[in-house]
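Take a moment with the sequence and the 3D view below.

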Amino acid sequence: MLDVPGWPGHLAGQHVDVRLTAADGYSTQRSYSLAAPTNGDRLELTVQKLADGEVSPYLADVLSAGDPVEIRGPVGGWFVWRSTDTEPVLLVGGGSGIVPLMAIVRTRRAAGIRTPVRLIYSVRSPADVYYGDELRRPSRADDGVDVTFVYTRATPAQWPEPPRRIAIADLEAGGWPPDFEPSCFVCGPTGFVEVVADMLVALGHDPRRIKTERFGPTGG
Ligand SMILES: Cc1cc2nc3c(=O)[nH]c(=O)nc-3n(C[C@H](O)[C@H](O)[C@H](O)COP(=O)(O)OP(=O)(O)OC[C@H]3O[C@@H](n4cnc5c(N)ncnc54)[C@H](O)[C@@H]3O)c2cc1C
């Protein structure tokens with residue numbers, strides 16, 4: 001959680017750039033999606049700690065309550081969803097790519113609307129699931145949000161199939177037929193996003209309705 005006095009507000013799907021500067025002046029930045037709808041001056045991020053990463057271990061383990069960080073944002077005008085959008089929504093997330101998709105689910109909830117949403121969440125194992133309580137035990141306000149999990153390395157006990165990568169059948173079973181003209185949002189590691197976007201096009205979804213966000217390495 002970051003408190004940013006005077007925050008102008010943001011849309012679901014946007015991100016911020018977080019800049020860290022060391023005492024010797026060395027500085028680096030990374031992008032992080034906003035995980036929740038606008039809530040006054042308070043921002044929520046969800047950071048996956050990469051063991052060999054430069055910034056994410058610092059944010060996850062070192063940064064403490066009250067420490068200042070420099071941020072820039074909100075950033076992004078394409079990978080966004082507005083609660084006034086009426087088309088059915090398909091969300092496909094891989095790993096931490098769930099973060100901006102969760103902002104969409106939460107924005108829908110906060111607006112009290114019933115736009116039908118289908119979420120397909122590809123994740124390594126049950127322990128790696130972010131927002132598990134919210135996604136597995138949805139509140140009444142989440143009626144109309146259907147969630148499908150795909151486990152790539154380890155499944156929950158009694159899961160009906162072994163771990164595997166997301167497949168076209170998942171997008172057919174857990175998504176919308178192209179005729180419904182859904183807005184598709186795909187987010188995750190670059191390879192994941194490209195595979196899923198290609199599968200959606202192969203299923204007949206209009207590429208103009210497929211918005212992608214690649215969580216590849218950023219910074220510099
Ligand atoms: C628009 C946008 C939004 C993002 N939102 C989020 C978010 O909400 N939550 C989040 O945790 N991350 C998010 N990311 C990824 C984030 O910006 C960083 O890339 C990530 O935290 C790694 O930074 P690092 O400094 O720890 O690792 P680095 O020091 O940059 O890299 C360490 C190693 O990890 C690899 N690597 C870098 N990024 C990733 C990655 N995303 N997945 C797997 N391997 C990687 C590198 O190639 C390198 O081998 C987002 C990226 C973009 C472009």
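The side chains of R72 and D17 meet in a salt bridge, 2.9 Å from N to O. R72 lies in strand 5 and D17 in strand 2 (residues 15-21), so the pair ties together parts that are 55 residues apart in sequence. D17 is buried, at 7% relative accessibility.

Some ground rules come next. The model is predicted: local features need pLDDT of at least 70, side-chain atom pairs count only at pLDDT 80 or more, and totals for chains, interfaces and linings use all residues. Residues are numbered from 1 along each chain as its sequence is written, and side-chain values use heavy atoms, with hydrogens and water left out.

Now the terms used above. A salt bridge is a side-chain nitrogen of Lys or Arg within 4 Å of a carboxyl oxygen of Asp or Glu. Helices (H or I, at least four residues) and strands (E, at least two) are DSSP runs, numbered from the N terminus. Buried means under 20% relative accessible area, exposed means over 50%, and partly exposed is in between (1.4 Å probe, protein chains only).

## Salt bridges

Side chains of opposite charge can pair when their charged atoms come close. How many salt bridges does the structure hold? The count is 16. Here are some of them.

| Salt bridge | N to O distance |
|---|---|
| R72 and D17 | 2.9 Å |
| R30 and E54 | 2.9 Å |
| R164 and E161 | 3.0 Å |
| R106 and E44 | 3.0 Å |

Look at R30 and E54, whose side chains meet in a salt bridge. This pair links distant parts of the chain, 24 residues apart: R30 sits in strand 3 (residues 27-33), and E54 in the loop between strand 4 (42-43) and helix 1 (56-62). R30 is buried, with a relative accessible area of 16%. E54 is partly exposed at 42% relative accessibility.

The side chains of R164 and E161 form another salt bridge. R164 is partly exposed, at 27% relative accessibility. E161 is partly exposed too, with a relative accessible area of 32%. Elsewhere, salt bridges that share partners join E44, R106, R109, E134 and D142 into one network.

## Two domains

The protein chain is divided into domain 1 (2-75) and domain 2 (89-214). These bounds come from an automatic or database domain assignment. The domain centres, taken over C-alpha atoms, are separated by 24 Å.

How many residues of each domain are in contact with the other? Twelve residues of domain 1 are in contact with twelve of domain 2. Contact means heavy atoms within 4.5 Å.

The size of an interface is often given as the accessible area lost when the parts come together. Between domain 1 and domain 2, the buried area is about 990 Å², and carbon and sulfur atoms give 58% of it. Buried area is the accessible area (1.4 Å probe) that two parts lose on being put together, summed over both.

One salt bridge is counted between domain 1 and domain 2. Four residue pairs are in polar contact between the domains, with both residues at pLDDT 80 or more. A polar contact is a pair of N or O atoms within 3.5 Å; within protein, one must be able to donate a hydrogen and the other to accept it, and residues adjacent in sequence count only if both atoms are side-chain atoms.

## Backbone spots

A cis peptide bond joins G73 and P74, with omega about 0°. P74 is in strand 5 (residues 70-75).

Y131 has a positive phi, near 55°, in a residue other than glycine. Y131 lies in the loop between strand 7 and helix 3. Is Y131 buried or exposed? Y131 counts as buried, at 13% relative accessibility.

E181 also has a positive phi, near 50°. E181 is found in the loop between helix 4 (168-174) and strand 9 (183-188). At 43% relative accessibility, E181 is partly exposed.

## Two loop residues

S125 is in the loop between strand 7 (117-123) and helix 3 (132-136). S125 is buried, with a relative accessible area of 13%. The side chains of S125 and D128 are joined by a polar contact of 2.7 Å. Leaving aside neighbours within four places in sequence, S125 is in contact with Y151 and A154.

D143 is in the loop between helix 3 and strand 8 (145-151). D143 is partly exposed, with a relative accessible area of 35%. Leaving aside neighbours within four places in sequence, D143 is in contact with R108 and R114.
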